[in-house]
Amino acid sequence: MRAALLQMTSSDSPKDNLAQASKMLREAKSRGADFAFLPEVMNCLSTSRKQQSDVLQHEGEDDTLLSLQKLSSELSIWLLIGSLGLKTDDPDARFANRSFVISDTGEIVARYDKIHMFDVDVTPEETYRESDGYRPGEEAVVAETPFGKIGMTVCYDVRFAKLQRALAQAGAEILTVPAAFSHVTGAAHWEVLLRARAIETGCFVIAPAQTGVHSSSRGHSRRTHGHSMVVSPWGEILADAGVSVGVTLVDVDLSLVHKARRQVPSLQHDREFSGP
């Protein structure tokens with residue numbers, strides 16, 4: 001599989017973000033990509049719930065989703081929409097942070113709602129309460145594709161190794177970690193977390209990311225870490241996109257998954273224990 005990681009600087013305008021992603025997808029296809037991977041909340045990166053309420057849509061009518069389905073069919077390319085912000089029927093009017101696998105005929109093969117919410121105080125000036133605006137998911141998902149089985153996660157999920165282990169033990173050979181990682185925590189933890197999850201599971205980790213300073217029509221801004229990355233099942237960094245917007249291509253050889261798991265078959269060595 002030739003994988004294309006699309007590193008974006010999304011704004012809070014779904015229309016503008018769709019135009020950016022569509023151009024990058026056409027480039028990825030022209031460079032031989034079989035499967036393209038987009039970052040988290042690629043349709044609207046915003047800290048304003050008012051802006052999100054104004055521009056986000058329900059899944060069945062979402063312009064970004066429908067357009068990307070059509071484009072994946074036109075280009076005959078598989079697609080991971082890292083995630084979209086979508087309206088839901090949540091009683092508190094919270095959104096879904098939902099990831100999609102789209103086939104090369106434009107069909108939705110799998111969808112996954114981000115389970116772990118980013119409720120943190122990174123610094124006194126940089127705080128997040130994702131659960132105020134987003135409804136957490138409750139179900140882990142492995143997607144079947146011609147290129148292998150994909151365990152779907154989103155951003156903050158990467159810190160919860162139990163999830164990735166469960167995905168790998170359910171057959172996942174590739175873990176996807178689309179992200180809009182904080183530039184502070186990203187500099188400290190992004191690479192080591194991705195490498196750890198790959199080593200622990202014997203999976204490829206494919207992590208398309210948002211990068212840079214994200215503008216907002218309502219005066220808010222946010223900065224993300226970038227460094228979209230592919231990590232081998234042995235923990236080697238096969239690609240690091242740095243901080244620039246662009247398309248990064250990597251050839252993924254799934255035989256390395258089986259090799260790593262033969263060498264260190266730790267997924268088979270779980271033992272029950274008591275305590276602490």
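Modeller: Start with the second largest cavity. Its lining divides into 4 nonpolar, 2 polar and no charged residues. Ala, Val, Leu, Ile, Met, Phe, Trp, Tyr, Cys and Pro count as nonpolar, Asp, Glu, Lys and Arg as charged, and the others, Gly among them, as polar. The lining residues are F118, C155, Y156, F181, S182 and T185. This is a predicted model: local features need pLDDT of at least 70, side-chain atom pairs count only at pLDDT 80 or more, and totals for chains, interfaces and linings use all residues. Residues are numbered from 1 along each chain as its sequence is written, and side-chain values use heavy atoms, without hydrogens and water.

Biologist: What makes a space a cavity, and what makes it a pocket?

Modeller: Both are found on a 1 Å grid over the protein atoms alone. In a cavity, a 1.4 Å probe fits but cannot get out. A pocket is an open set of points with protein on both sides within 12 Å along at least five of seven lines. Lining residues have an atom within 4 Å of a point. By this rule there are 2 cavities of 30 Å³ or more. The second largest cavity has a volume of about 30 Å³.

Biologist: What is the volume of the largest pocket?

Modeller: About 500 Å³. A volume is the space filled by probe spheres set on the points, and points are joined across faces, edges and corners. The largest pocket is lined by 23 residues; closest to its centre are S46, T47, Y128, E130 and R222. By class, its lining has 8 nonpolar, 7 polar and 8 charged residues.

Biologist: And which element gives the most to the lining of the second largest pocket?

Modeller: α6, with 3 residues. That pocket holds about 180 Å³ of space. G202, A260, R261, V264 and S266 are the closest to its centre, out of 13 lining residues.

Biologist: Where is the kink in α6 centred?

Modeller: On H189, at about 55°. The bend is the angle between axes fitted to the seven residues ending there and the seven starting there.

Biologist: Which residues of α6 are buried?

Modeller: T185, G186, W190, L193, L194, R197, A198 and T201. Buried means under 20% relative accessible area (1.4 Å probe, protein chains only).

Notes: Helix = DSSP H or I, 4+ residues; strand = E, 2+ residues; numbered from the N terminus. Buried < 20%, exposed > 50% of the residue type's maximum accessible area, 1.4 Å probe, protein only.
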